[in-house]
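Hi there,

Here's the structure I promised to pass on. Have a look at it first, and then read my notes below.

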Amino acid sequence: LETFFGFCCVEFSFVTLRRRTRQDIEVTGNGYWEVLRDGAGDVVQFVYLPAFTVRLLPLDPDLVEDELQVKVTEFAYDTLKMRRRFRRYIQFFEGTLVFFKEFGDQRVISRKTGQVFPTVDALVAADQTDGPATELLHFKLHNPRSAYGTPRWIGNLLAVLGSRQAEEINFLYFENKSVPPLALLVSGGRLSAQSVPRIESFIDTNIKGKRNFHKILVLEAEPASGGHGLEHTGRVKIELRPLTDAQQKDQLFGEYDERNADKVGQSFRLPRMLRGDVRDFNKSTADAALLFAEMQVFQPERQEFDDAITRKILADLGIRCWHF
(Lines give C-alpha, C1' and ligand atoms only; values in the text may rest on other atoms or scores of the structure.)
Protein backbone atom coordinates (compact mmCIF):
# COMPACT_ATOMS: atom_id res chain seq x y z
CA LEU A 1 0.00 0.00 0.00
CA GLU A 2 2.82 2.45 0.80
CA THR A 3 4.42 1.74 -2.57
CA PHE A 4 1.09 2.04 -4.39
CA PHE A 5 0.12 5.41 -2.91
CA GLY A 6 3.69 6.64 -3.15
CA PHE A 7 3.80 6.17 -6.93
CA CYS A 8 0.15 6.04 -8.07
CA CYS A 9 0.60 9.49 -9.69
CA VAL A 10 3.38 10.00 -12.21
CA GLU A 11 3.55 13.79 -12.50
CA PHE A 12 3.13 14.65 -8.81
CA SER A 13 2.39 13.11 -5.42
CA PHE A 14 -0.87 11.69 -4.16
CA VAL A 15 -1.15 14.63 -1.76
CA THR A 16 -0.97 17.06 -4.68
CA LEU A 17 -3.64 15.05 -6.49
CA ARG A 18 -5.91 15.36 -3.47
CA ARG A 19 -5.24 19.11 -3.17
CA ARG A 20 -6.17 19.72 -6.80
CA THR A 21 -9.22 17.50 -6.53
CA ARG A 22 -10.38 19.34 -3.40
CA GLN A 23 -9.96 22.68 -5.13
CA ASP A 24 -12.10 21.47 -8.04
CA ILE A 25 -14.75 20.10 -5.69
CA GLU A 26 -15.04 23.31 -3.68
CA VAL A 27 -15.01 25.59 -6.75
CA THR A 28 -17.20 23.59 -9.15
CA GLY A 29 -18.76 20.90 -6.95
CA ASN A 30 -17.08 18.10 -8.94
CA GLY A 31 -13.71 16.33 -9.09
CA TYR A 32 -12.52 13.60 -11.46
CA TRP A 33 -9.76 10.97 -11.54
CA GLU A 34 -8.86 8.80 -14.50
CA VAL A 35 -8.06 5.27 -13.26
CA LEU A 36 -5.47 3.30 -15.24
CA ARG A 37 -4.97 -0.46 -15.01
CA ASP A 38 -2.11 -2.75 -16.03
CA GLY A 39 -2.29 -5.80 -18.27
CA ALA A 40 -3.56 -7.93 -15.39
CA GLY A 41 -6.45 -5.54 -14.72
CA ASP A 42 -5.06 -4.12 -11.47
CA VAL A 43 -5.30 -0.42 -10.64
CA VAL A 44 -1.83 1.14 -10.99
CA GLN A 45 -2.26 4.87 -11.54
CA PHE A 46 -4.53 7.90 -11.04
CA VAL A 47 -4.57 10.85 -13.43
CA TYR A 48 -6.04 14.23 -12.50
CA LEU A 49 -8.74 15.54 -14.87
CA PRO A 50 -9.68 19.23 -14.64
CA ALA A 51 -13.33 19.40 -13.59
CA PHE A 52 -14.31 22.04 -16.12
CA THR A 53 -13.40 19.71 -19.03
CA VAL A 54 -15.67 16.75 -18.10
CA ARG A 55 -19.35 16.29 -18.97
CA LEU A 56 -21.74 13.54 -17.89
CA LEU A 57 -23.85 11.48 -20.28
CA PRO A 58 -27.27 10.15 -19.20
CA LEU A 59 -27.39 6.81 -17.43
CA ASP A 60 -27.27 3.95 -19.90
CA PRO A 61 -30.76 2.47 -20.30
CA ASP A 62 -29.55 -1.16 -20.25
CA LEU A 63 -28.81 -3.00 -17.02
CA VAL A 64 -25.33 -4.54 -16.91
CA GLU A 65 -24.05 -7.48 -14.89
CA ASP A 66 -21.57 -6.26 -12.32
CA GLU A 67 -19.38 -8.06 -9.82
CA LEU A 68 -18.85 -6.12 -6.60
CA GLN A 69 -16.17 -7.03 -4.09
CA VAL A 70 -17.71 -7.03 -0.61
CA LYS A 71 -15.63 -7.55 2.52
CA VAL A 72 -17.19 -10.26 4.70
CA THR A 73 -14.37 -10.40 7.29
CA GLU A 74 -11.10 -8.59 7.80
CA PHE A 75 -9.41 -11.41 5.86
CA ALA A 76 -11.83 -12.29 3.09
CA TYR A 77 -13.90 -10.77 0.29
CA ASP A 78 -17.01 -12.15 -1.32
CA THR A 79 -18.13 -11.42 -4.89
CA LEU A 80 -21.60 -9.96 -5.08
CA LYS A 81 -23.24 -10.15 -8.49
CA MET A 82 -25.78 -7.46 -9.28
CA ARG A 83 -27.35 -5.65 -12.19
CA ARG A 84 -26.85 -1.90 -12.37
CA ARG A 85 -26.83 1.01 -14.80
CA PHE A 86 -23.56 2.72 -15.59
CA ARG A 87 -22.78 6.18 -16.89
CA ARG A 88 -20.31 7.31 -19.52
CA TYR A 89 -18.33 10.55 -19.43
CA ILE A 90 -16.87 12.91 -22.03
CA GLN A 91 -13.80 15.09 -21.69
CA PHE A 92 -13.37 17.93 -24.17
CA PHE A 93 -9.99 19.61 -23.74
CA GLU A 94 -7.81 21.54 -26.21
CA GLY A 95 -9.87 20.38 -29.17
CA THR A 96 -9.79 16.68 -28.24
CA LEU A 97 -12.87 14.62 -27.36
CA VAL A 98 -12.37 11.48 -25.24
CA PHE A 99 -14.95 9.10 -23.75
CA PHE A 100 -14.59 7.47 -20.32
CA LYS A 101 -16.59 4.84 -18.49
CA GLU A 102 -17.62 4.72 -14.87
CA PHE A 103 -15.30 3.00 -12.39
CA GLY A 104 -16.18 -0.69 -12.19
CA ASP A 105 -17.82 -0.83 -15.62
CA GLN A 106 -16.40 -3.97 -17.27
CA ARG A 107 -17.81 -3.29 -20.73
CA VAL A 108 -15.54 -2.49 -23.68
CA ILE A 109 -16.33 1.09 -24.72
CA SER A 110 -14.71 3.09 -27.50
CA ARG A 111 -12.73 6.06 -26.26
CA LYS A 112 -13.37 7.90 -29.56
CA THR A 113 -17.11 7.30 -30.05
CA GLY A 114 -18.42 5.94 -26.74
CA GLN A 115 -19.90 2.92 -28.54
CA VAL A 116 -20.10 -0.40 -26.67
CA PHE A 117 -18.33 -3.42 -28.24
CA PRO A 118 -18.46 -7.10 -27.19
CA THR A 119 -14.65 -7.46 -27.17
CA VAL A 120 -11.51 -5.39 -27.59
CA ASP A 121 -10.76 -7.19 -30.88
CA ALA A 122 -14.13 -6.08 -32.27
CA LEU A 123 -13.35 -2.49 -31.26
CA VAL A 124 -9.94 -2.52 -32.95
CA ALA A 125 -11.39 -4.19 -36.04
CA ALA A 126 -13.87 -1.32 -36.38
CA ASP A 127 -11.12 1.33 -36.08
CA GLN A 128 -7.41 0.58 -35.95
CA THR A 129 -6.68 3.95 -34.27
CA ASP A 130 -9.28 3.46 -31.54
CA GLY A 131 -8.88 1.88 -28.12
CA PRO A 132 -10.91 0.96 -25.03
CA ALA A 133 -12.02 3.79 -22.76
CA THR A 134 -10.46 4.00 -19.32
CA GLU A 135 -12.37 4.31 -16.06
CA LEU A 136 -13.23 7.52 -14.23
CA LEU A 137 -13.87 8.24 -10.55
CA HIS A 138 -16.33 11.07 -9.89
CA PHE A 139 -16.21 12.95 -6.58
CA LYS A 140 -18.96 15.50 -5.99
CA LEU A 141 -20.92 17.53 -3.47
CA HIS A 142 -24.33 15.90 -3.65
CA ASN A 143 -27.16 17.67 -5.42
CA PRO A 144 -30.52 15.84 -5.39
CA ARG A 145 -31.67 17.62 -8.54
CA SER A 146 -28.68 16.87 -10.77
CA ALA A 147 -26.08 14.23 -11.55
CA TYR A 148 -23.48 16.97 -11.18
CA GLY A 149 -22.29 18.21 -7.83
CA THR A 150 -23.04 21.73 -6.61
CA PRO A 151 -20.46 23.95 -4.86
CA ARG A 152 -21.22 24.99 -1.29
CA TRP A 153 -21.15 28.70 -2.06
CA ILE A 154 -23.86 28.55 -4.76
CA GLY A 155 -26.49 29.69 -2.23
CA ASN A 156 -24.49 32.90 -1.78
CA LEU A 157 -23.99 33.49 -5.48
CA LEU A 158 -25.46 37.00 -5.28
CA ALA A 159 -23.01 37.91 -2.50
CA VAL A 160 -20.11 36.67 -4.64
CA LEU A 161 -21.28 38.66 -7.66
CA GLY A 162 -21.96 41.73 -5.51
CA SER A 163 -18.46 41.69 -4.05
CA ARG A 164 -17.03 41.37 -7.56
CA GLN A 165 -19.02 44.39 -8.74
CA ALA A 166 -17.95 46.43 -5.69
CA GLU A 167 -14.30 45.59 -6.33
CA GLU A 168 -14.64 46.65 -9.98
CA ILE A 169 -16.19 49.97 -8.98
CA ASN A 170 -13.33 50.67 -6.58
CA PHE A 171 -10.74 49.65 -9.17
CA LEU A 172 -12.22 51.69 -12.00
CA TYR A 173 -12.18 54.81 -9.83
CA PHE A 174 -8.41 55.04 -10.23
CA GLU A 175 -8.66 54.83 -14.03
CA ASN A 176 -11.72 57.02 -14.54
CA LYS A 177 -11.56 59.62 -11.76
CA SER A 178 -13.75 62.54 -12.86
CA VAL A 179 -13.18 65.09 -10.09
CA PRO A 180 -9.92 67.11 -10.37
CA PRO A 181 -8.10 67.95 -7.14
CA LEU A 182 -8.44 71.74 -7.64
CA ALA A 183 -9.83 74.32 -10.05
CA LEU A 184 -9.36 77.99 -10.97
CA LEU A 185 -12.65 79.92 -10.85
CA VAL A 186 -13.19 83.22 -12.69
CA SER A 187 -15.61 85.98 -11.68
CA GLY A 188 -16.10 89.43 -13.21
CA GLY A 189 -15.09 88.12 -16.62
CA ARG A 190 -15.66 85.33 -19.04
CA LEU A 191 -13.86 82.34 -20.45
CA SER A 192 -11.99 82.73 -23.68
CA ALA A 193 -13.18 80.82 -26.73
CA GLN A 194 -10.23 78.46 -26.43
CA SER A 195 -10.92 77.49 -22.80
CA VAL A 196 -14.04 75.36 -23.25
CA PRO A 197 -12.47 72.73 -25.56
CA ARG A 198 -9.38 72.73 -23.34
CA ILE A 199 -11.54 71.95 -20.29
CA GLU A 200 -13.32 69.13 -22.09
CA SER A 201 -10.04 67.67 -23.32
CA PHE A 202 -8.52 67.97 -19.87
CA ILE A 203 -11.37 66.06 -18.21
CA ASP A 204 -11.38 63.37 -20.91
CA THR A 205 -7.66 62.69 -21.11
CA ASN A 206 -5.56 64.47 -18.52
CA ILE A 207 -6.97 63.45 -15.15
CA LYS A 208 -7.20 59.67 -15.65
CA GLY A 209 -4.60 57.34 -14.19
CA LYS A 210 -2.23 57.63 -11.27
CA ARG A 211 0.40 59.59 -13.25
CA ASN A 212 -2.00 62.51 -13.65
CA PHE A 213 -3.23 62.49 -10.08
CA HIS A 214 -1.83 66.00 -9.30
CA LYS A 215 -2.61 67.85 -12.51
CA ILE A 216 -4.69 71.01 -12.16
CA LEU A 217 -7.24 72.68 -14.38
CA VAL A 218 -6.28 76.18 -15.62
CA LEU A 219 -8.98 78.47 -16.99
CA GLU A 220 -8.24 81.52 -19.14
CA ALA A 221 -10.49 84.57 -18.63
CA GLU A 222 -10.97 87.95 -20.21
CA PRO A 223 -12.97 91.00 -19.08
CA ALA A 224 -16.63 90.84 -20.05
CA SER A 225 -18.14 93.57 -22.20
CA GLY A 226 -20.47 95.95 -20.37
CA GLY A 227 -22.94 96.19 -23.30
CA HIS A 228 -24.07 99.27 -25.37
CA GLY A 229 -20.54 99.58 -26.65
CA LEU A 230 -19.12 100.30 -23.18
CA GLU A 231 -16.26 98.26 -21.81
CA HIS A 232 -16.60 96.57 -18.46
CA THR A 233 -14.54 98.37 -15.89
CA GLY A 234 -14.72 95.73 -13.15
CA ARG A 235 -11.79 93.61 -12.12
CA VAL A 236 -11.56 90.00 -13.20
CA LYS A 237 -11.26 87.75 -10.17
CA ILE A 238 -9.59 84.34 -10.32
CA GLU A 239 -10.06 82.04 -7.37
CA LEU A 240 -8.19 78.79 -6.62
CA ARG A 241 -10.55 76.31 -4.98
CA PRO A 242 -9.60 72.77 -3.89
CA LEU A 243 -12.04 69.99 -4.81
CA THR A 244 -10.58 67.22 -2.72
CA ASP A 245 -13.71 67.10 -0.52
CA ALA A 246 -15.66 65.85 -3.53
CA GLN A 247 -13.15 63.09 -4.25
CA GLN A 248 -13.52 59.53 -2.97
CA LYS A 249 -10.99 58.97 -0.18
CA ASP A 250 -11.66 55.31 0.64
CA GLN A 251 -13.26 52.23 -0.86
CA LEU A 252 -16.97 52.10 -1.50
CA PHE A 253 -19.22 49.34 -0.08
CA GLY A 254 -16.63 48.28 2.51
CA GLU A 255 -19.14 46.99 5.05
CA TYR A 256 -21.18 45.32 2.30
CA ASP A 257 -18.11 43.49 1.01
CA GLU A 258 -17.08 42.38 4.50
CA ARG A 259 -20.56 41.02 5.17
CA ASN A 260 -20.51 39.14 1.88
CA ALA A 261 -17.18 37.55 2.83
CA ASP A 262 -18.78 36.32 6.06
CA LYS A 263 -21.76 34.90 4.16
CA VAL A 264 -19.53 32.92 1.81
CA GLY A 265 -17.32 31.74 4.67
CA GLN A 266 -20.36 30.58 6.61
CA SER A 267 -21.44 28.43 3.67
CA PHE A 268 -18.16 26.52 4.18
CA ARG A 269 -18.77 26.51 7.97
CA LEU A 270 -15.28 27.90 8.48
CA PRO A 271 -14.36 30.30 11.31
CA ARG A 272 -12.87 33.64 10.23
CA MET A 273 -9.42 32.64 11.51
CA LEU A 274 -9.25 29.73 9.07
CA ARG A 275 -10.11 32.11 6.22
CA GLY A 276 -7.06 34.27 6.93
CA ASP A 277 -8.72 36.84 9.24
CA VAL A 278 -6.97 36.76 12.62
CA ARG A 279 -8.57 39.88 14.09
CA ASP A 280 -10.10 39.57 17.58
CA PHE A 281 -8.61 36.12 18.18
CA ASN A 282 -6.63 34.96 21.18
CA LYS A 283 -5.24 31.54 22.04
CA SER A 284 -8.43 30.34 23.67
CA THR A 285 -10.78 31.37 20.88
CA ALA A 286 -8.28 30.13 18.26
CA ASP A 287 -8.14 26.68 19.87
CA ALA A 288 -11.92 26.55 20.05
CA ALA A 289 -12.21 27.53 16.38
CA LEU A 290 -9.70 24.88 15.32
CA LEU A 291 -11.43 22.21 17.42
CA PHE A 292 -14.82 23.09 15.95
CA ALA A 293 -13.51 23.03 12.37
CA GLU A 294 -11.75 19.71 12.91
CA MET A 295 -14.79 17.99 14.45
CA GLN A 296 -17.57 19.50 12.32
CA VAL A 297 -15.92 20.23 8.95
CA PHE A 298 -12.59 18.56 8.20
CA GLN A 299 -13.07 15.14 9.82
CA PRO A 300 -16.44 14.45 8.11
CA GLU A 301 -14.93 15.45 4.77
CA ARG A 302 -11.96 13.15 5.29
CA GLN A 303 -14.25 10.32 6.38
CA GLU A 304 -16.33 10.57 3.22
CA PHE A 305 -13.27 10.48 0.98
CA ASP A 306 -11.57 7.72 2.98
CA ASP A 307 -14.64 5.49 2.75
CA ALA A 308 -14.76 5.94 -1.02
CA ILE A 309 -11.10 4.88 -1.36
CA THR A 310 -11.54 1.93 1.01
CA ARG A 311 -14.74 0.62 -0.59
CA LYS A 312 -13.67 1.12 -4.22
CA ILE A 313 -9.88 1.19 -4.64
CA LEU A 314 -8.74 -1.04 -1.76
CA ALA A 315 -11.54 -3.53 -2.42
CA ASP A 316 -10.60 -3.63 -6.10
CA LEU A 317 -6.97 -4.27 -5.14
CA GLY A 318 -8.03 -7.03 -2.74
CA ILE A 319 -6.37 -5.32 0.26
CA ARG A 320 -7.08 -7.00 3.59
CA CYS A 321 -6.77 -5.76 7.19
CA TRP A 322 -6.25 -2.16 6.15
CA HIS A 323 -8.43 0.91 5.84
CA PHE A 324 -7.51 4.19 4.14
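A residue counts as buried when its relative accessible area is under 20%. Phe 305 comes out at 8%, so Phe 305 is buried. Keep in mind as you read that this is a predicted model.

Let's stay with Phe 305 for a moment. Its ring pairs with the ring of Phe 324: the centres are 6.0 Å apart and the planes sit at 70 degrees, so this is an edge-to-face pair. Phe 305 belongs to helix H7, while Phe 324 is in the segment after H7, so the pair ties together parts that are 19 residues apart in sequence.

In soluble globular proteins, nonpolar side chains tend to be buried together. Here, the largest nonpolar core has 21 residues, and Phe 14, Trp 33 and Phe 46 have the most contacts inside it. Among the elements that give it two or more residues are helices H1 and H2 and strands E1, E2 and E10. Helix H7 gives the most, with 4 residues. Another core, of 8 residues, lies apart from that one, and includes Tyr 32, Leu 49, Phe 100 and Leu 136.

Back to the rings: there are 14 aromatic pairs in the count. Another one to look up is Phe 52 with Phe 93, where the centres are 6.2 Å apart and the planes are at 75 degrees, so that pair is edge-to-face too. Phe 52 is in the loop between E2 and strand E3, and Phe 93 is in strand E6, 41 residues apart. Phe 52 is exposed, at 59%, and Phe 93 is partly exposed, at 34%.

Last, two helices. The axes of H4 (residues 157–175) and H6 (residues 254–267) come within 9 Å and cross at roughly 150 degrees, in a left-handed crossing. On the H4 side the contact includes Leu 158, Ala 159 and Glu 167, and on the H6 side Tyr 256, Asp 257 and Lys 263 are among the residues involved. Sorted by type, the contact has 5 nonpolar, 3 polar and 3 charged residues.

Cheers!

Key:
Residues numbered from 1 in each chain as written. Predicted model: local features only at pLDDT ≥ 70, side-chain atom pairs only at ≥ 80, totals over all residues. Heavy atoms only, no water. Axes fitted to C-alpha atoms, helices over the stretch in contact; angles between N-to-C directions. Left-handed = near helix turned anticlockwise from the far one by under 90°. Contact = heavy atoms within 4.5 Å. Nonpolar A, V, L, I, M, F, W, Y, C, P; charged D, E, K, R; others polar. Core = buried A, V, L, I, M, F, W, Y, C linked by side-chain atoms within 4.5 Å. Buried < 20%, exposed > 50% of the residue type's maximum accessible area, 1.4 Å probe, protein only. Phe/Tyr/Trp six-rings, centres within 6.5 Å; stacked < 30°, edge-to-face > 60°.
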